[in-house]
Amino acid sequence: METLKLLRDYFPTAVFTGKCLVFISEDWRVELTEHKDSDFSKTAAQPPVIRVRIFKKALNGEFVQGHYEDFQLASLGELAEQIEKYVQMAIGTNLKENFE
């Protein structure tokens, strides 16, 4: 959860629910969740996996999951940059414009 808390600074329009970071607009919902590697046989600590899930609002008003991608980058700045680029390409619009 530490990485998600740090990502809040990069994405000020996101809401931290305690278990995920959420962006929501009229047509889209984006969730970021943090997953730690449970393989304790590895000697070097790996950065956590951040899963980005994209949901699109259906005609019935429900959000339907489209696709997701896992990110595992050690640099927080690069992680935020790549997540932002991925979301923008997935929804076809600027992240800051669509979620403000």
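Strands S3 (28-35) and S4 (49-57) pair up in the antiparallel sense over 8 bridges; strands here are DSSP runs (E, at least two residues), helices are runs of H or I with at least four, and both are numbered from the N terminus. Two strands count as paired if DSSP finds at least two bridges between them. This is a predicted model, with local features needing pLDDT of at least 70 and side-chain atom pairs counting only at pLDDT 80 or more, while totals for chains, interfaces and linings use all residues. Residues are numbered from 1 along each chain as its sequence is written, and side-chain values use heavy atoms, leaving out hydrogens and water.

S3 also has S2 as an antiparallel partner, joined to it by 4 bridges, and a hairpin of 3 residues links the two. Arginine 29 of S3 bridges to isoleucine 24 and also to phenylalanine 55 in S4. S3 is mostly tucked away, with 6 of its 8 residues buried (under 20% relative accessible area; exposed is over 50% and partly exposed lies in between, with a 1.4 Å probe and protein chains only).

The largest nonpolar core holds 21 residues; such a core is a set of buried Ala, Val, Leu, Ile, Met, Phe, Trp, Tyr and Cys residues joined through side-chain atoms within 4.5 Å. Leu7, Leu32, Val52, Ile83 and Val87 touch the most other members. Leucine 7 is in contact (heavy atoms within 4.5 Å) with Leu21, Leu32, Leu76, Leu79, Ala80 and Ile83, leaving aside neighbours within four places in sequence.
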